[in-house]
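Please open the model in the viewer and keep the selection panel at hand. The stops below are to be visited in order.

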Amino acid sequence: VISITLLRKWSRDKEKEIDDAEQTAQDYSVCVMNPPKDARDPEEWREFFVKNFEDCQIACCTIAVDNEELVRALSQRRDYLLQLEMLTPCDIKFNKNNLKEMAEVALPLSLYKWMTAYYNGKQLYKAIVELDKKIEDLSHFSHDCTSVFLSFETEATQQAVLEAFSTRNCSKFCCGKHALPKNLRFRGKHLLNIVEPAEPDSVRWQDLDETRLQKACQLFTTTILTIAVIGFGGYAILVARRQSPWLAAMTVSFLSKASPYAVYYIMEIESHRSEGSKAASQFTKMSLIRWMYTAIITSCIEPFIFTLQEGENYLIYGIYYIFFSELMFIPLYACMDTGNLYRHYYGPRAPSQKMMNLNFQGTAYELSERYTDMTKFLFFTFYYAAIFPSGFLWTAAIFVAKYLFDKYSLLRVWSPAPHMGSQIAIFSRKYFFTAAMTFYILSMSYTFASFPYDNACPTSSQVSEDYIGNHTAYTVDDDSGDVV
């Protein structure tokens, strides 16, 4: 408990130290979350803040509008254009003003791209032409304003704006638009909700227009899918456990490594304003799946009376096998990184400099996946701490191995991650450590107070007549025998 408390304090202090040491655009910016739908003129926003705040100088004003479909079409066109450029022979200079000719001289698709339904040159040209028509039609629409981002010349101005608009929710509820003086109400009537935004490169510009109802429906759908993933994995672990504890442990380790990819597809349904918010949602789902696979399902599929039984077919050996398989998977998983294949095989054989550079970008990684990979072991150790105290030593060894391999991957294998803020660290510190420590304390208190694993019962208890007679008992290996 003391160690976890000190870790939380150290994490909080380190977060503040890093944030104070590095000046970013976030430290000078604010975001208006609820602007009027027709407030699309940057000059109007500049005049509003310059008029109400002393020495206010606005360096940049960005108006986010509800043009998600247009942005997606432009992004898709850029992707198709890059694919067509990659198919252009090395001795021909790519001319984006003559795409028809580029499509005719494009190289044929490789077997892998053909099998994965990539477009060839002519198909890409046809798709780009269709997108050009769609983009032209969408550009004529007038889109509503959804958010406004303003960057000031000084950090003091940003703090003054945040302080001026930091009215309590109760004040907004009780007083409405009168919670702020008239000069601080946009156009004299609109009460603005102004917050500090995320880092510029972590803002998800295509997801700024979704309503709360849409996000709630998306969250409900992803929750159902997450439960389905847990159910599928739990059934796979149960089937493997009927064969052998070692196979069950390998299945748990494999599913823990594969579950993030299922979560990535599930998260495509949700909309988030920033990468940090999306990563926090991924962290929640991955933690739930991995905790269920590693700890809870493992204990549920074992009969209670087998908890402290000695032998390879019982729970204690199953816990040991999970720790051992996870420790063994760490170097294997690092060696299986596909980034090495792209850098050392495909990179030197690329037909152009641009394609070679793309092969040296590194492997993308998710910070939420790395967080859950660590918290999974800590929760697993807490869950079985009473009956398997040596799990703390196993977890320490796993953490050391992960630190070494992740440090190497971070410096030499992985691609740079976007600046997403400290949402995951705050979420983990507030909720995970609190929940894990609460469970640990209650579990240890209950276990050592009653110790229900000794299979003992009062000798004076009366046995029902239903239990008297011949019965057939089955072991974990489905071997039967007669019991009198």
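A residue is called buried under 20% relative accessible area, exposed over 50%, and partly exposed in between (1.4 Å probe, protein chains only). The model is predicted: local features need pLDDT of at least 70, side-chain atom pairs count only at pLDDT 80 or more, and totals for chains, interfaces and linings use all residues. Residues are numbered from 1 along each chain as its sequence is written, and side-chain values use heavy atoms, with hydrogens and water left out.

**Stop 1: Arg 187 and Asp 38.** Select Arg 187, which is partly exposed with a relative accessible area of 36%. Its side chain meets that of Asp 38 in a salt bridge at 2.9 Å, N to O; the term denotes a side-chain nitrogen of Lys or Arg within 4 Å of a carboxyl oxygen of Asp or Glu. Asp 38 lies in the loop between S1 and H2 and Arg 187 in the loop between helix H8 (169-175) and S4, 149 residues apart. Helices (H or I, at least four residues) and strands (E, at least two) are DSSP runs, numbered from the N terminus. Asp 38 is likewise partly exposed, at 47% relative accessibility.

**Stop 2: helix H2.** Select residues 42-52, where Trp 45, Phe 48, Phe 49 and Asn 52 are buried. Viewed down the axis of H2, these residues fall within an arc of 85° and so line one face of the helix; the arc is that of the directions from the helix axis to the C-beta atoms. Against which elements do the buried residues of H2 pack? They pack against strands S1 (29-32), S2 (58-65), S3 (145-152) and S4 (194-195), and against helix H7 (155-164), contact meaning heavy atoms within 4.5 Å.

**Stop 3: Arg 77 and Asp 132.** Here the closest N and O atoms of the salt bridge are 2.5 Å apart. The pair links helix H3 (residues 68-86), which holds Arg 77, to helix H6 (residues 121-138), which holds Asp 132.

**Stop 4: Glu 369 and Arg 370.** Both residues are buried, and their side chains meet in a salt bridge of 2.9 Å, N to O. The whole structure has 19 salt bridges.

**Stop 5: aromatic pairs.** The structure holds 29 aromatic pairs, defined for rings of Phe, Tyr and Trp (its six-membered ring) with centres within 6.5 Å; planes under 30 degrees apart count as stacked, over 60 as edge-to-face and the rest as tilted. Select Phe 323 and Trp 394: their ring centres are 6.3 Å apart and their planes at 25°, so the pair is stacked.
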